[in-house]
Amino acid sequence: MFRTKISKCIRFTAGALASTMLLASTADACTGITLMAKDGSVVRARTMEFGVDLQSNVIVSPRNFERVGETPDGKPGLTWTSKYASVGTNGVDMPVIVDGLNEKGLSIGIFYFSQSAGYQPYTADAQNSTLAPWQLGSYILDNFATVEEAKAALSDITVAPVTFAHFGIVLPLHYVITDAAGNTIVVEYVDGELNIHDNEVGVITNNPPFDWHMTNLKNYVNLSYDNVPPKQFGNVKITGFGEGTGMLGVPGDFTSPSRFVRAALFQTGVDQGATSEDDVFQAFHILNNFDIPKGAIRETDADGQVHQDYTQWTTANDLEKQRFYFRTYDNSSIRFVDLKAQDLDAADIKTIEMEGYETATELGTDK
């Protein structure tokens with residue numbers, strides 16, 4: 001049990017639950033990137049795509065917050081008290097962070113990993129070291145200051161196949177962890193084994209596993225940020241159609257492998273910001289290329305219901321300033337919560353709503 005108050009209740013009918021399970025199996029369109037500014041500061045950013053409204057808000061989790069892990073058999077699992085305060089987004093009003101950072105500049109992002117996720121086997125002997133897949137993000141932020149600390153501790157816990165009650169399935173997830181020095185790892189559970197990958201490229205998407213994506217990058221060594229010079233074919237000189245010829249052939253679809261390649265190319269090729277604030281806004285520009293409007297990705301279930309993945313929110317973590325930036329599908333204005341400005345020793349979790357609609361500002365009127 002978590003020491004917090006849940007103000008909203010999420011209810012699903014049997015039909016809605018079945019539809020949610022289908023959507024959850026195809027919600028594979030999130031994209032994450034990492035930028036380092038000229039002054040050495042780090043920004044980790046991502047999009048969140050899903051087929052049902054996650055009802056996310058920003059939460060601030062204080063120090064000395066008591067938590068209990070969940071196990072497949074319903075017994076209490078790993079217990080801990082948070083050492084560090086953190087800020088980030090949640091889902092379905094849960095008191096855990098899906099994407100965010102803590103007061104030491106350590107950040108974590110949880111990404112969908114369908115077809116590949118296979119959690120560690122659970123036994124009664126492991127009860128006191130077990131937590132559910134969606135709890136790992138808050139466990140990392142609550143307890144550690146660097147990637148190395150988190151990496152060393154992962155082998156001491158069991159992430160087990162616990163059913164997520166809101167959706168009625170075991171959520172297939174993997175994780176990216178980045179610290180204020182720019183160290184980044186990807187954590188994946190495959191075939192019951194913990195796999196930790198050093199992530200020097202700083203990109204994460206979804207299935208297949210991370211090492212497959214890195215191998216796949218070799219298929220795109222021909223691409224260049226520079227325009228291709230004219231080619232001579234015998235007596236004929238052929239020129240490209242214009243700007244962007246060096247990137248001709250970059251995959252433009254929304255599949256996970258294509259987004260990984262595109263993100264790796266874009267984040268490496270853009271101008272490096274002078275500070276983390278510069279790179280926050282650069283990150284939002286990059287992630288514009290991965291924004292999915294409602295209707296662009298669809299799947300029809302057995303009952304003829306059409307489901308659509310779309311970009312529910314986009315976030316950026318400034319690991320130096322401990323600021324959490326976000327925008328939503330209905331409001332593209334960039335807003336942020338400064339963790340340093342919060343009460344880090346509060347008695348309970350603070351919730352900051354992300355909801356709201358964007359308005360257009362009229363200019364040029366004489367009235």
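The legends below describe close-up views of one predicted model.

Residues are numbered from 1 along each chain as its sequence is written. Local features require pLDDT of at least 70 and side-chain atom pairs pLDDT 80 or more, whereas totals for chains, interfaces and linings use all residues, and side-chain values use heavy atoms, with hydrogens and water left out.

**View A. Salt bridges of Arg63.** The structure holds eight salt bridges, each defined as a side-chain nitrogen of Lys or Arg within 4 Å of a carboxyl oxygen of Asp or Glu. Arg63 pairs with Glu103 at 2.8 Å, N to O. Because Glu103 lies in the loop between strand E7 (99–102) and E8 and Arg63 in the loop between strand E3 (57–61) and strand E4 (66–70), this pair ties together parts that are 40 residues apart in sequence. Helices (H or I, at least four residues) and strands (E, at least two) are DSSP runs, numbered from the N terminus. Arg63 also forms a salt bridge with Asp345 (3.1 Å, N to O); Asp345 lies in the loop between strand E19 (335–338) and strand E20 (350–353), so the pair links parts that are 282 residues apart in sequence. Glu103 is buried at 19% relative accessibility, while Arg63 is partly exposed at 25% and Asp345 is partly exposed at 49%. Buried denotes under 20% relative accessible area, exposed over 50%, and partly exposed in between (1.4 Å probe, protein chains only).

View B. Asp142 forms a salt bridge with Arg67, with the closest N and O atoms 2.7 Å apart. Arg67 lies in strand E4 and Asp142 in helix H2, so the pair ties together parts that are 75 residues apart in sequence. Both Arg67 and Asp142 are buried.

**View C. Polar contacts of Glu49.** Glu49 is part of strand E2 (residues 42–50) and is buried, with 0% relative accessibility. Its side chain makes a polar contact with the side chain of Thr311 at 2.5 Å, and a polar atom of the Glu49 side chain lies 3.3 Å from the backbone nitrogen of Cys30. A polar contact is a pair of N or O atoms within 3.5 Å; within protein, one must be able to donate a hydrogen and the other to accept it, and residues adjacent in sequence count only if both atoms are side-chain atoms.

**View D. Polar contacts of Ser256.** Ser256 belongs to helix H5 (residues 256–269) and is buried at 6% relative accessible area. The side chains of Ser256 and Thr205 are joined by a polar contact of 2.9 Å. The Ser256 side chain also reaches the backbone nitrogen of Asn206 at 2.8 Å.

**View E. The largest cavity.** About 310 Å³ of space lies in the largest cavity. Of its 23 lining residues, the closest to the centre are Met48, Leu54, Val98, Leu171 and Leu173. Strand E2 supplies the largest share of the lining, four residues. On a 1 Å grid over the protein atoms alone, a cavity is a set of points where a 1.4 Å probe fits but cannot get out, and lining residues have an atom within 4 Å of a point. Grid points are joined across faces, edges and corners, and a volume is the space filled by probe spheres set on the points.

Terms used: On a 1 Å grid over the protein atoms alone, a cavity is a set of points where a 1.4 Å probe fits but cannot get out, and a pocket is an open set with protein on both sides within 12 Å along at least five of seven lines; lining residues have an atom within 4 Å of a point.
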